[in-house]
Amino acid sequence: MKAPEKTSIEKKDFLTKDTAWKIIRAQKFERSGDISFTIEISGITIYGAVLKWSNKNGKWFVSWPSRKGNDGEYYKHVYIPLTDGDTKKIEDAIEEALSK
């Protein structure tokens, strides 16, 4: 089976006021500073997402769950193209979850 060609996906605000979403669990890894979290969006639960700090861009980004294929490459099995605003909303919700 041939892998699909990569296409550009337009980023739109996904986590709007009309979208029901919440952070179910968050855990900070002390060594790396990354934060693993589970998020529920419109009734769909996504496990194994990670909030990571980018030294290159100087901001947080979401790394969606992925698995290593037989060819050694990693393939995401969930992907939501988030805007910077969406990532900030997730960051704030994780910060609140960790403070509880």
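Okay, let's start with the strands: S2 (residues 35-41) and S3 (residues 44-54) run antiparallel, joined by six bridges. Quick note on terms: strands (E, at least two residues) and helices (H or I, at least four) are DSSP runs numbered from the N terminus, and two strands pair if DSSP finds at least two bridges between them. Before I go on, this is a predicted model, where local features need pLDDT of at least 70, side-chain atom pairs count only at pLDDT 80 or more, and totals for chains, interfaces and linings use all residues. Residues are numbered from 1 along each chain as its sequence is written, and side-chain values use heavy atoms, with hydrogens and water left out.

Back to S2 and S3. They make a hairpin with two residues between them, and Ser-42 in that turn has a positive phi of about 50 degrees. Ile-41 sits opposite Ile-44 in S3.

Leu-51 stands opposite Val-62 in S4.

Now, Val-62 turns up again in the largest pocket. Of its 17 lining residues, Lys-11, Phe-61, Val-62, Leu-82 and Thr-87 lie nearest the centre. Strand S4 (59-63) and helix H1 (84-99) are the elements giving two or more residues to that lining, and S4 has the largest share, with five. A pocket here is an open set of points on a 1 Å grid over the protein atoms alone, where a 1.4 Å probe fits, with protein on both sides within 12 Å along at least five of seven lines; lining residues have an atom within 4 Å of a point.
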